[in-house]
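Please take a moment to look over the sequence and the model together.

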Amino acid sequence: HASYVVVDESEPLVVPPDLLYKRAVLYPNLETALTLVHDGNPRVGDAVLVLGLGAVGQFVCLLASRSGARVIGIDGDVARQKAAAEFLAGVAEIHSSIEDSLEALGRDGVDHDSYPGFDVVFETTGNPAALDDAIVVTGFEGTVVVGSWYGSRGATLTLGDRFHRGRLSLVSSQVSTISGLLSS
């Protein structure tokens with residue numbers, strides 16, 4: 001979240017010599033993704049959508065696919081799409097829009113009466129407006145996991161018919177703690 005940070009000299013961890021530092025710097029992102037996937041709890045056969053394909057979003061795709069779920073990731077940035085397509089080849093489908101992802105899932109848009117859509121949607125864009133998109137594409141009794149950190153920015157959500165009648169769950173994920181269900 002910053003270019004520079006000042007920490008007490010006792011806080012940094014030494015990277016073991018047998019671990020490539022280029023991999024070690026990704027561990028915090030991997031830890032975040034693992035927490036998100038634990039909180040979303042995708043299952044075999046679930047349809048999973050990951051909004052945002054930065055480092056965390058790509059790791060979420062990778063880890064969610066290991067649950068046996070069908071994973072689709074989207075990002076509007078062409079460079080991120082390309083990087084994700086390379087990194088996630090054979091693991092996740094990469095698309096540029098929500099409409100493309102629904103079409104790939106075999107759904108031409110969202111039918112508000114039957115609530116077809118994704119079983120689990122991970123919001124990792126960093127954009128509060130993406131939460132409304134996540135709600136729109138989440139299927140009946142599906143889960144939206146908020147993985148973005150918005151800081152002081154607010155998020156305006158449409159929590160009307162689709163949210164309530166669809167019995168959707170909105171899950172706040174926090175990387176510094178593990179769900180009580182998993183920690184005991």
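**A walk through the model**

Glycine 147 is partly exposed, with a relative accessible area of 24%, where partly exposed covers the range between buried (under 20% relative accessible area) and exposed (over 50%), computed with a 1.4 Å probe and with protein chains only. This is a predicted model, in which local features need pLDDT of at least 70 and side-chain atom pairs count only at pLDDT 80 or more, while totals for chains, interfaces and linings use all residues. Residues are numbered from 1 along each chain as its sequence is written, and side-chain values use heavy atoms, with hydrogens and water left out.

The place of glycine 147 is the loop that runs between strand E5 (138-146) and helix H7 (161-165); helices (H or I, at least four residues) and strands (E, at least two) are DSSP runs, numbered from the N terminus. Apart from its neighbours within four places in sequence, glycine 147 is in contact with Leu36 and Glu123, contact meaning heavy atoms within 4.5 Å. Computed along the chain in residues, glycine 147 and valine 171 are 24 apart, and their C-alpha atoms are 8.8 Å apart in space.Turning to the protein as a whole, there are eight helices and six strands, and from the N terminus on the elements follow the order α-α-β-α-β-α-β-α-β-α-β-α-β-α. Of the 184 residues in the protein, 40% are buried. The protein exposes about 11100 Å², of which carbon and sulfur atoms supply 53%; accessible areas come from the Shrake-Rupley method with a 1.4 Å probe, and for residues only the protein chains shown count as cover.

An α-helix has 3.6 residues a turn, so residues three or four places apart point the same way.

Threonine 143 counts as buried because its relative accessibility is 15%. Leaving aside neighbours within four places in sequence, the residues in contact with threonine 143 are Asp119, Val120, Val121, Thr138, Ser169 and Val171.

The charged residues give another way to read the model. By the rule that a side-chain nitrogen of Lys or Arg lies within 4 Å of a carboxyl oxygen of Asp or Glu, the count comes to three salt bridges. In one of them, the side chains of arginine 70 and glutamate 93 meet at 2.7 Å, N to O. Arginine 70 lies in strand E2 (residues 70-74) and glutamate 93 in strand E3 (residues 93-95), so this pair ties together parts that are 23 residues apart in sequence. Arginine 70 counts as partly exposed at 34% relative accessibility, and glutamate 93 is partly exposed as well, with a relative accessible area of 27%.

Another salt bridge brings together the side chains of aspartate 75 and arginine 80, at 3.6 Å from N to O. Aspartate 75 is buried, with a relative accessible area of 12%, whereas arginine 80, at 40% relative accessibility, counts as partly exposed.

There is also a salt bridge between arginine 167 and glutamate 141, whose closest N and O atoms are 3.0 Å apart. This pair links distant parts of the chain, with arginine 167 in the loop between H7 and E6 and glutamate 141 in strand E5, 26 residues apart. Arginine 167 counts as exposed because its relative accessibility is 55%, while glutamate 141 is partly exposed, with a relative accessible area of 47%. The backbone of these two residues deserves a look as well. Most residues other than glycine have a negative phi, and most peptide bonds are trans. Glutamate 141, although not a glycine, has a positive phi of about 55 degrees, and the phi of arginine 167 is near 50 degrees, again a positive value in a residue other than glycine.

Which residues form the negative surface patch? The patch is made up of Glu99, Asp100, Glu103 and Asp133. Patches are made of residues with over 30% relative accessible area and no salt bridge, with like charges joined within 9 Å and nonpolar side chains (Val, Leu, Ile, Met, Phe, Trp, Tyr) within 5 Å. Lys and Arg count as positive and Asp and Glu as negative, while His and the chain ends are not counted, and the place of a charge is taken as NZ of Lys, CZ of Arg, CG of Asp or CD of Glu. Helix H5 (residues 98-104) gives the most to this negative patch, with three residues. Aspartate 100 is found in helix H5, and at 32% relative accessibility it counts as partly exposed.
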